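Thanks for coming. Please have the model up on your screens.

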Amino acid sequence: MHKNFANTRFLGKSITSLPECHSTNDFMAQLAAKGRVLHGDILTADFQSKGKGQRGNSWTSEKGKNLLFSIFLKPPFLKIEDIFLLNIIAGLAGTQLINNIVPEAECQLKWPNDIYVNGKKISGILIETSISKQLDFVVAGIGYNINQSHFALPTATSLKIETGKDHDLFSVLEKYSHAFENYYGLLESGERNRVLRAYHDKLYWRGEVHTYRSHGAEFEAELIGINETGNLVLNCGGISKQFRTKEIEFVS
């Protein structure tokens, strides 16, 4: 993969590419601890032996087929309680990327961290932070199914499946980086509400009644959106309830 992007503002000015690592997020955090990365640096891997997803789940991918990368960020304008906004813009950038390549695709964001195309998962996001008395840095880890055509789960898809052809990984990563920068710029300039509106427009199951599970019990509820802290808001029989990431599961 190439060394850097020429036409971005700050993202991907340095790209480190590994044939394999345990986790790009972990490797990036190790580099940060040694002072060897800068804001906007990207780390990619052809394969992750211990790729991580949300809720402690694993992320598996065929070697060399997909995008597995982490972005190092030091956003001075962002409060600790607003870190979830980086998860949102990472997702929005992913939907913009897909719709640029496959304009007719129905692309949605499943709270809190998945991107769905035509009802199937194509990407997952994991935001991890280092916090002392302030926000030290953020590592945004992203797995994107690009050229893989067979999956263990029938609920997964890829750009190859959706388009019928292979895609150049570097080109896709560069397009994603441009989209990410655009949304990052909105946060930087104080356009928080614009970002949240864009997120709600893409939110999977929004306005629909579905089954959820919380603390072992299943129930039906209408998905309203997210609140100002990024928690999921459901209409449960006329009562508005909020749920944090580990408190709720989507069932059907």
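In what order do the 5 strands of the open sheet stand? Before the reply, the ground rules. This is a predicted model, in which local features need pLDDT of at least 70 and side-chain atom pairs count only at pLDDT 80 or more, while totals for chains, interfaces and linings use all residues. Residues are numbered from 1 along each chain as its sequence is written, and side-chain values use heavy atoms, with hydrogens and water left out.

The order is 11-10-9-8-12, and the pairing is antiparallel. Helices (H or I, at least four residues) and strands (E, at least two) are DSSP runs, numbered from the N terminus. Two strands pair if DSSP finds at least two bridges between them. The edges are taken by strand 11 (239-243) and strand 12 (249-250); each has a single partner strand, so one side of each lacks a neighbour in the sheet. Further in, strand 9 (residues 217-226) is joined to the antiparallel strand 10 (residues 232-236) by 4 bridges. There, E222 lies opposite N235 of strand 10.

Angles run from 0 to 180 degrees between N-to-C directions, and axes are lines fitted to C-alpha atoms, for helices over the stretch in contact. Strand 6 (residues 120-131) and strand 7 (residues 135-144) run antiparallel and share 9 bridges. E128 has V139 in strand 7 as its bridge partner.

On to the helices. Helix 2 (residues 84-101) packs against helix 4 (residues 169-188) at about 135°, with the axes 8 Å apart. The two are therefore oblique to each other; angles under 35 degrees count as roughly parallel, over 145 as roughly antiparallel, 65 to 115 as roughly perpendicular and the rest as oblique. Contact, meaning heavy atoms within 4.5 Å, involves residues including L85, I89 and L92 of helix 2 and Y176, F180 and Y183 of helix 4. By class, the contact residues are 14 nonpolar, 3 polar and 1 charged. In this count, Ala, Val, Leu, Ile, Met, Phe, Trp, Tyr, Cys and Pro are nonpolar, Asp, Glu, Lys and Arg charged, and the others, Gly among them, polar.

Helix 2 also packs on helix 5 (residues 192-201), at about 55° and with axes 10 Å apart. That makes helix 2 oblique to helix 5. F84, L85, I88, I89 and L92 of helix 2 meet R192, V195, L196, A198 and Y199 of helix 5. This contact has 9 nonpolar, no polar and 1 charged residues.

Between helix 4 and helix 5 the angle is about 135°, and the axes are 7 Å apart. Y183, L186 and L187 of helix 4 make the contact with R192, R194 and V195 of helix 5. Those residues divide into 4 nonpolar, no polar and 2 charged.
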